[in-house]
Amino acid sequence: MSASLLSSLSSRFGKGVLSTHSERGDHTAVVERSRLAEICRFLRDDPAADMDQPIDLTVVDYLSWQGNRPQEERFAVVIHLRSLKHGHRLRLRVPVPESDPVVPSTTSVWKGLSWFEREAFDMFGVRFDGHPDLRRLLLYPEFVGHPLRKDYPIRGYQPTMPMPTLPRGDRVPGSHPEE
Amino acid sequence: MTREHLPMPDLTCREMLLQMGPSHPAMHGTVKLDLRLDGETIVGIDTSIGFLHRGFEKMCEASTWNQCFPYADRLNYVSPAINGVGLALAVEKLLGIEVPERTRYIRVILSEIARIQDHLTAIAAAALELGGFTAMLWAVEARDHYYYLFEDVAGARVTLSYCRVGGVRNDLTPDFREKFHKAAAITERLMVDIDKLLTRNRIFVDRMRHLGVMSAAQAVDWGFSGPCLRASGVPYDVRKDDPYLVYDRVDFDVPVGDNGDNFDRYLVRMEEIRQSLRIVRQCFDQMPEGPVNHPDWQVTHPPKTEVYGTIEGMIAQFELVFRGPVVPAGEVFHSVEGGNGELGFYVVSDGSGRPYRLHVRPPCFAIMQALGDMLKGSMVADIIPTFDSINMIGGEIDR
């Protein structure tokens with residue numbers, strides 16, 4: 001099922017799909033990031049694909065990659081999708097260069113990838129263009145750097161922060177003993 | 001329970017901000033909700049997670065494959081056995097090996113026991129926070145019998161570190177089956193009692209029904225899985241739809257709800273406990289005798305007699321401990337049905353003994369992001385049962 005989906009993807013989007021492969025039962029399409037939003041929308045709406053379940057989104061940093069399939073770009077955004085109706089799964093890989101780590105957001109297609117994108121931004125510094133609320137998710141706003149990048153040390157230390165001044169809420173005058 | 005706004009012309013009303021958590025008794029597992037309130041009605045929720053972030057994925061990149069298993073136990077610490085099974089299956093998929101038949105059954109048995117514990121904990125917490133202290137004590141009592149089982153087999157009650165790449169640490173203890181049947185009988189008796197206490201309890205039902213409603217289409221779009229998705233009426237279960245291990249050989253039902261509210265999630269969990277007991281009983285009947293580890297010493301540790309008695313055994317042990325099992329370069333995604341839903345492991349190897357990248361797809365991560373949607377228009381008090389029925393686990397969502 002997914003194998004025919006891969007061929008229909010590459011015939012429909014031409015150069016938008018850089019390559020496809022099926023290994024160990026996982027079907028993968030490497031796609032051009034400029035066409036990502038269009039491809040996602042097609043995958044969701046096309047009745048033969050019907051990828052309505054957003055399963056996962058993450059990033060891989062290939063800075064120190066020694067394995068097979070040498071990667072041309074430093075980052076790859078990896079999206080896993082599933083179809084509830086057909087039961088097939090698909091992986092999308094989106095190569096992202098280090099110089100311009102921006103990917104179009106998929107939150108307009110599947111709401112469920114919203115936090116996954118925030119986490120990916122938090123951990124790798126890959127920005128998702130069009131995400132409605134792209135803030136750090138697991139770490140605090142003052143955190144310096146992106147810890148899951150390969151050049152972030154295992155024992156990285158963070159600068160100490162001054163104690164934040166908490167906003168004083170609006171009070172009725174005279175209701176608080178300090179005033 | 002949307003409140004109709006009463007005409008109150010003389011009162012100036014404006015939104016109030018209220019922080020709930022991170023150390024609030026009902027926000028178990030640390031999570032902070034920034035509530036925007038209109039009176040007692042919720043206008044919006046900004047959920048902050050990450051208070052329990054321990055850098056699981058970064059730590060795994062610096063460890064050998066087998067050293068990841070203790071870390072994985074600390075993901076969903078309410079059902080730790082499933083995490084190890086999921087990680088082991090992902091790595092084995094990348095290695096292209098099949099574990100022995102007996103191990104496949106052992107893993108299913110442990111996963112299902114962990115699921116029973118997970119659901120009992122979720123029900124216990126929900127009951128406790130809605131005032132049902134007795135139901136909580138009974139559920140926790142039922143859960144404890146399984147902790148004793150785990151203690152027998154793995155030496156630890158919660159953090160088992162029991163699964164390995166290519167097998168499990170050791171075989172089940174000889175009296176495991178007998179002890180399980182005793183624990184299962186106690187669980188079934190306690191389930192009847194909990195059912196009597198909660199399912200028709202007016203207070204419990206009133207605070208659960210028609211709250212935190214998620215329609216099927218919305219739930220799928222938000223990436224729901226597990227009991228929360230099934231309560232919305234979508235019969236998606238990884239054990240049925242993408243069967244792994246021996247789930248295609250056992251007979252069990254997938255309960256689904258109608259309304260997608262908190263009460264349906266509770267009912268789905270109650271039924272799943274019964275189904276899990278059913279699965280484990282069938283596994284004990286089908287389980288063959290035999291080895292529990294893959295025979296290849298490049299993947300699993302050789303027996304200790306070989307390690308101390310032969311040079312090959314010693315070298316194999318040394319290589320496995322220091323370099324780790326060599327996993328061919330590539331990437332796989334494998335998901336199992338965790339306590340809260342689809343628990344996925346995305347594993348990338350560069351051909352060394354350590355993961356190049358290990359990513360976990362925690363089920364409650366996807367569900368928690370919809371909390372604001374589920375609660376918009378509800379009252380502050382409705383946060384508690386809704387949050388409980390999601391069963392967010394801090395270790396899993398923050399990693």
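Biologist: What is the strand order in the open sheet of chain A?
Modeller: This is a predicted model, and in chain A five strands form an open sheet in the order 1-2-5-4-3. The pairing is mixed.

Biologist: And which are the edge strands?
Modeller: Strand 1 (17-23) and strand 3 (53-61) of chain A, each of which pairs on one side only. Across this sheet, neighbouring strands are turned against each other by 20 degrees on average, direction ignored.

Biologist: How many bridges are there between strand 1 and strand 2 of chain A?
Modeller: Six bridges, with the two strands paired in the antiparallel sense. His21(A), for instance, stands opposite Thr28(A) in strand 2 of chain A.

Biologist: What about the hairpin there, which residue takes a positive phi?
Modeller: Arg24(A) does, near 50 degrees. The hairpin of strand 1 and strand 2 of chain A has two residues between the strands.

Biologist: Do strands 4 and 5 of chain A run parallel or antiparallel?
Modeller: Antiparallel: eight bridges join strand 4 (residues 75-82) of chain A to strand 5 (residues 89-96) of chain A. Within that pairing, Arg91(A) in strand 5 is the bridge partner of His80(A).

Biologist: Which strands does helix 1 of chain A lie across?
Modeller: Helix 1 (residues 2-13) of chain A lies across strand 1, strand 2 (26-31) and strand 5 of chain A. The helix runs at about 170 degrees to strand 1 of chain A.

Biologist: Switching to chain B now. At what angle do helix 4 and helix 5 of chain B pack?
Modeller: At about 160 degrees, with the axes of helix 4 (residues 101-129) and helix 5 (residues 133-154) of chain B 8 Å apart. The two helices of chain B are therefore roughly antiparallel to each other, and helix 4 passes helix 5 in a left-handed crossing.

Biologist: Which residues meet there?
Modeller: From helix 4 of chain B they include Ile113(B), Leu120(B) and Ala124(B), and from helix 5 of chain B they include Met136(B), Val140(B) and Tyr146(B). By class, this contact has 15 nonpolar, two polar and one charged residues.

Biologist: Nice. How far apart are the axes of helix 6 and helix 11 of chain B?
Modeller: They are 11 Å apart, and helix 6 (residues 176-198) of chain B packs against helix 11 (residues 262-286) of chain B at about 160 degrees. That makes helix 6 of chain B roughly antiparallel to helix 11 of chain B. The class count for their contact is eight nonpolar, one polar and three charged residues.

Key:
Residues are numbered from 1 along each chain as its sequence is written. Chains are lettered from A and ligands numbered from 1 in the order in which they are written. This is a predicted model: local features need pLDDT of at least 70, side-chain atom pairs count only at pLDDT 80 or more; totals for chains, interfaces and linings use all residues. Axes are lines fitted to C-alpha atoms, for helices over the stretch in contact, and angles run from 0 to 180 degrees between N-to-C directions. Helices (H or I, at least four residues) and strands (E, at least two) are DSSP runs, numbered from the N terminus. Angles under 35 degrees count as roughly parallel, over 145 as roughly antiparallel, 65 to 115 as roughly perpendicular and the rest as oblique. A crossing is left-handed if the near helix is turned anticlockwise from the far one by less than a right angle, and right-handed if clockwise. Two residues are in contact if their C-beta atoms, placed from the backbone, lie within 7 Å. Ala, Val, Leu, Ile, Met, Phe, Trp, Tyr, Cys and Pro count as nonpolar, Asp, Glu, Lys and Arg as charged, and the others, Gly among them, as polar. Two strands pair if DSSP finds at least two bridges between them.
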